[in-house]
Amino acid sequence: MNNITQSSNFSTSRCVQVCQNRTCKKQGAAKVLAAFAALPIPGVTVTASSCLGQCGNGPMVLVLPDMVWYSGVQPDEVSLLVEHHLLSGQIVKQMLYYRFHPQKSN
């Protein structure tokens with residue numbers, strides 16, 4: 001499996017991991033990864049990850065070092081995550097993974 005990485009001349013401050021394991025892949029994770037890779041995100045590295053251990057809730061996206069988990073991410077929602085979380089620092093509440101972020105606000 002090839003990792004897709006996107007970075008800029010800025011020092012990387014965040015990493016977005018998109019699970020590419022069997023179940024997430026069946027749920028469309030390859031298209032989610034491609035959508036992230038297609039958008040320029042200064043200071044962010046986008047990486048294909050192995051299993052994130054949350055099978056059946058994907059496609060799973062983990063933003064580090066924020067430790068923010070998003071579940072059921074669809075390719076057409078990636079621009080929302082980029083615009084709000086990665087560029088503006090605002091968590092997208094409606095996409096949060098409920099097991100790790102019950103009623104999280106920000």
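## Model and confidence

pLDDT is the predictor's confidence in each residue, on a scale from 0 to 100. The mean pLDDT of this protein is 88, and 86% of its residues reach 70 or more. Over residues 1-11 pLDDT stays under 50; for this segment the model has 29 contacts (heavy atoms within 4.5 Å) beyond four places in sequence.

The structure is a predicted model, in which local features need pLDDT of at least 70 and side-chain atom pairs count only at pLDDT 80 or more, while totals for chains, interfaces and linings use all residues. Residues are numbered from 1 along each chain as its sequence is written, and side-chain values use heavy atoms, with hydrogens and water left out.

## Largest cavity

A cavity is a set of points, on a 1 Å grid over the protein atoms alone, where a 1.4 Å probe fits but cannot get out; lining residues have an atom within 4 Å of a point. Grid points are joined across faces, edges and corners, and volume is the space filled by probe spheres set on the points. Two cavities of 30 Å³ or more are counted.

The largest holds about 40 Å³. Its lining includes Cys19, Cys24, Cys51 and Cys55, together with Leu52 and Met60. Asn21, Thr23, Gly53 and Gln54 also line this cavity. The lining has six nonpolar residues (Ala, Val, Leu, Ile, Met, Phe, Trp, Tyr, Cys and Pro), four polar (the others, Gly among them) and no charged ones (Asp, Glu, Lys and Arg).

## Second largest cavity

The second largest cavity holds about 30 Å³. Val16, Phe36, Val61, Val63, Tyr70, Leu81, His85 and Leu86 line it, giving seven nonpolar residues, one polar and no charged.

Strand 3 (61-64) and helix 3 (78-86) each supply at least two lining residues; helices (H or I, at least four residues) and strands (E, at least two) are DSSP runs numbered from the N terminus. Helix 3 gives the most, with three residues.

Key
1 Å grid on protein atoms, 1.4 Å probe; cavity = no way out; pocket = protein on both sides within 12 Å on 5 of 7 lines; lining within 4 Å.
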